[in-house]
Amino acid sequence: MENVAHILLQKKIRPSVQRVKVLSYLLEKRNHPTVDMIYTELHPQMPTLSRTTVYNTLELFRENQLVNTLDFGEGSLRYDAFCSPHCHFECEECGQVFDIETPPPAIDGLVPSGFSLSRTSLYLYGKCRGCRRESTL
């Protein structure tokens with residue numbers, strides 16, 4: 001918890017209990033949650049927590065580059081605290097989102113001379129290992 005509070009202080013964000021819990025959740029779970037997923041998970045531990053607080057906290061984190069937003073076109077944003085360049089794979093069967101840690105090397109070759117790459121957003125879709133295994137049984 002102290003490390004998370006330190007991360008927030010470095011960004012000049014007051015480390016309230018709610019902010020520390022939300023960022024801790026994102027850093028520990030790495031499940032690319034929606035606002036509702038975070039709220040559902042944290043509300044039993046924090047009965048005064050509201051969806052609005054979760055949303056506002058995530059927006060504050062996004063504005064301060066602590067999280068990236070992911071839009072898979074499903075009607076709600078997902079959040080990712082792993083901000084270094086990487087890609088995402090969404091399983092079309094179970095809906096889980098997985099990090100692909102290394103961005104494809106070809107991306108650097110796509111950036112025109114004199115340009116600077118700061119973020120990538122590459123979404124891959126298909127079946128995860130688990131869903132593929134189940135469909136072959």
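Helix axes are lines fitted to C-alpha atoms over the stretch in contact, and the angle between two of them runs from 0 to 180 degrees between their N-to-C directions. With that in hand, let us walk through this predicted model.

We can begin with the whole protein. It has six helices and five strands, and along the sequence these follow the pattern α-α-α-α-β-β-β-β-α-β-α. The C-alpha trace spans about 50 × 45 × 25 Å along its principal axes. Of the 137 residues, 34% count as buried. The protein exposes about 8,800 Å², and carbon and sulfur atoms supply 51% of that area. Among contacts with a separation of 6 or more, 44% come from residues 24 or more positions apart.

Now turn to the helices at the start of the pattern. Two packed helices are described by the angle between their axes and the distance between the axes. Take helix α1 (residues 2–10) and helix α2 (residues 17–29): their axes come within 9 Å and cross at roughly 110 degrees. An angle of 65 to 115 degrees counts as roughly perpendicular, so α1 is roughly perpendicular to α2. Which residues meet here? From α1 come Val 4, Ala 5, Ile 7 and Leu 8, while α2 brings Arg 19, Val 20, Leu 23, Ser 24 and Leu 27. By class, this contact of α1 with α2 holds seven nonpolar residues, one polar and one charged.

Helix α2 also packs with helix α3 (residues 35–42), where the axes come within 11 Å and cross at roughly 105 degrees. That makes α2 roughly perpendicular to α3. In this contact, Lys 21, Val 22, Tyr 25, Leu 26 and Lys 29 of α2 meet Met 37, Ile 38, Glu 41 and Leu 42 of α3. The contact of α2 with α3 has six nonpolar residues, no polar ones and three charged ones.

Met 37 leads us on to Arg 78, because these two residues touch, and contact means heavy atoms within 4.5 Å. Arg 78 is found in strand β2 (residues 78–80). Is Arg 78 buried or exposed? Its relative accessibility is 9%, so Arg 78 counts as buried, the cut-off being under 20%.

Definitions and conventions. Residues numbered from 1 in each chain as written. Predicted model: local features only at pLDDT ≥ 70, side-chain atom pairs only at ≥ 80, totals over all residues. Heavy atoms only, no water. Helix = DSSP H or I, 4+ residues; strand = E, 2+ residues; numbered from the N terminus. Parallel < 35°, antiparallel > 145°, perpendicular 65-115°, else oblique. Nonpolar A, V, L, I, M, F, W, Y, C, P; charged D, E, K, R; others polar. Buried < 20%, exposed > 50% of the residue type's maximum accessible area, 1.4 Å probe, protein only. Areas by Shrake-Rupley, 256 points an atom, 1.4 Å probe, with all protein chains shown as cover. Lists of a residue's contacts leave out its neighbours within four places in sequence.
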